[in-house]
Amino acid sequence: MVSVNEHSDGLVVGVDSGGSGIRIALAEAGSGVVLADRASREPVRTGSGGISAGHLLEQVLPAVRALREPFPARPLVAVAVGAAGMATLGDELRAELPGAFEVAWGVRRLALAADAVTAYAGALGQRPGVVVAGGTGLIALGTDLTSWRRADGWGHLLGDCGSGAWIGRAGLEAAMRAHDGRRGGSEALLARAEKLFGPAAGLAGVLYPRTDRPAVLASFAPEVGHAAATDPVAAGILARAGAHIAEAAEAACPAEPGASVALTGGLFRMGEPLLAPLRAALGELLPTARRVAPAGDPLTGAVALASALATGSLRLPEDPSLLRVFGSGPASDGPSAQVGDGA
């Protein structure tokens with residue numbers, strides 16, 4: 001049972017683990033207000049057992065110890081960890097983190113979430129709707145607060161349609177078409193590709209041996225965006241990307257009218273060359289949905305999940321791979337905090 005004192009004095013930890021590193025925040029349990037945070041550029045390792053629980057703990061435990069130094073008398077009451085790959089590579093985290101955090105901090109209330117879930121919680125809180133998280137890859141995640149609906153997020157070989165990697169690959173294909181003299185080529189994109197990667201004839205040799213091919217492909221997406229103002233081929237690529245993104249949002253969006261739609265991630269910093277066709281496609285496919293700005297990022301979402309877990313107000317649905325909750329109890333009679341409702 002959650003006590004009133006835990007609401008007023010307790011602290012929570014939110015963790016956002018992704019391909020570019022790990023971020024950790026310490027926050028008030030009742031309000032979710034962040035008191036301090038820390039970041040590392042070292043991504044958590046992935047091995048034969050999936051995401052390494054030991055490597056995550058090596059980074060999180062010392063960071064939280066340092067963050068808590070100004071608050072020695074205040075207990076930790078809940079933790080939420082959002083991790084890229086949690087759905088398919090999170091077995092070790094689910095097996096080891098509940099016991100490790102209980103031993104280290106006496107914390108039993110823990111949420112382990114896919115990064116798409118923390119992106120959702122950060123962007124929309126606990127409202128029904130759909131969030132499209134776009135960067136190198138792309139995934140749409142929606143909920144009616146009963147179950148989750150996912151669309152895409154299958155990687156650059158099988159999907160991630162409309163993502164940075166998808167746009168970059170389409171742009172490089174158009175460049176190679178121009179190099180060969182085939183239809184559908186773009187001299188503007190060819191010039192930009194050769195400036196970035198060297199002679200077009202050597203592009204395959206530059207790209208194919210790379211183990212980070214999605215990131216390399218995505219690095220060309222801004223060039224497509226810059227060229228779109230004057231190059232119809234580049235503009236057409238972004239129009240197709242907008243249509244793909246809207247299709248993913250439509251597939252994951254709950255059926256009820258007025259559901260919220262939010263876009264989050266670095267992909268959408270490309271601005272109007274991508275957003276204009278995307279808005280048009282969303283208007284056609286989701287005419288009754290309500291487009292809203294994201295309230296926060298995945299770390300915001302992790303903190304919000306931990307706060308809601310601490311206060312017994314978590315309403316986002318559990319799922320075996322997307323959102324697992326450990327040690328949750330009934331809501332107390334004390335004050336509670338909703339996860340970003342109305343934000």
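These exercises with worked solutions go through a predicted model of one protein.

**Exercise 1. Confidence**

Find which element has the lowest mean pLDDT and which the highest.

Solution. Then turn to the elements. Helix α1 (residues 4–9) has the lowest mean pLDDT, 58. Helix α12 (residues 232–252) has the highest, 97. Last, look at residues 330–343, where the pLDDT is below 50. Beyond near neighbours in sequence, this stretch has 38 contacts in the model.

**Exercise 2. The setting of S17**

Locate S17, decide whether S17 is buried or exposed, and list what S17 touches.

Solution. Step one is the element: S17 belongs to strand β1, which covers residues 11–18. Step two is the accessibility. The relative accessible area of S17 is 6%; buried means under 20%, so S17 is buried. Step three is the contacts. Leaving aside residues up to four places away in sequence, S17 touches I22, V44, G82, A83 and A84. Step four is a distance across the chain: S17 and A114 are 97 residues apart in sequence, and their C-alpha atoms are separated by 9.6 Å.

**Exercise 3. The setting of Q59**

Do the corresponding work for Q59: which helix holds Q59, is Q59 buried or exposed, and which residues does Q59 touch?

Solution. Q59 is part of helix α2, residues 53–68. The relative accessibility of Q59 is 13%, so Q59 counts as buried. With residues up to four places away in sequence not counted, the contacts of Q59 are I22, I24, S40, E42, P43 and V44.

**Exercise 4. Aromatic pairs**

State how many aromatic pairs the structure holds, and classify the pair F101 and W105 and the pair Y120 and W148.

Solution. The structure holds three aromatic pairs. A pair of aromatic rings is described by the distance of the centres and the angle of the planes.

Take F101 and W105, with 4.8 Å from centre to centre and 5 degrees between the planes. Planes under 30 degrees apart count as stacked, so F101 and W105 form a stacked pair. Both residues lie in helix α4 (residues 91–105), four residues apart, which is about one turn of the helix. F101 is buried at 1% relative accessibility, and W105 is buried at 14%.

Now take Y120 and W148. Their ring centres are 5.4 Å apart and their planes stand at 90 degrees, so this pair is edge-to-face. The pair links distant parts of the chain: Y120 is in helix α5 (residues 115–124) and W148 in strand β10 (residues 148–152), 28 residues apart. Y120 counts as buried at 0% relative accessibility; W148 is buried too, at 11%.

R150 lies over the face of W154, at 3.8 Å from the ring centre.

**Exercise 5. Positive phi**

Give the phi of D152 and of D160, and say where D152 and D160 lie.

Solution. D152 is not a glycine, yet its phi is positive, near 65 degrees. D152 sits in strand β10 and is buried, with a relative accessible area of 13%. D160, likewise not a glycine, has a positive phi of about 55 degrees. D160 is in the loop between α6 and α7, and at 9% relative accessibility D160 counts as buried.

**Exercise 6. Pocket and cavity**

Describe the largest pocket and the largest cavity, with the elements that line them.

Solution. The largest pocket has about 1,500 Å³ of space. It is lined by 45 residues, and the closest to its centre are G18, G19, A84, G85 and D115. Elements giving two or more residues to this lining include β1, β2 (21–28), β3 (34–40) and α5. The largest share, four residues, comes from α3.

For cavities, the structure holds one of 30 Å³ or more. The largest cavity has a volume of about 30 Å³. Among the residues that line this cavity are A175, M176, L190 and F197. Two or more lining residues come from each of α7 (164–180) and α8 (187–197); α8 gives the largest share, four residues.

Definitions and conventions
Residues numbered from 1 in each chain as written. Predicted model: local features only at pLDDT ≥ 70, side-chain atom pairs only at ≥ 80, totals over all residues. Heavy atoms only, no water. Buried < 20%, exposed > 50% of the residue type's maximum accessible area, 1.4 Å probe, protein only. Contact = heavy atoms within 4.5 Å. pLDDT = per-residue confidence, 0-100. Phe/Tyr/Trp six-rings, centres within 6.5 Å; stacked < 30°, edge-to-face > 60°. Lys NZ or Arg CZ within 6 Å of the ring centre and 35° of its normal. 1 Å grid on protein atoms, 1.4 Å probe; cavity = no way out; pocket = protein on both sides within 12 Å on 5 of 7 lines; lining within 4 Å. Points joined across faces, edges and corners; volume = space filled by probe spheres on them.
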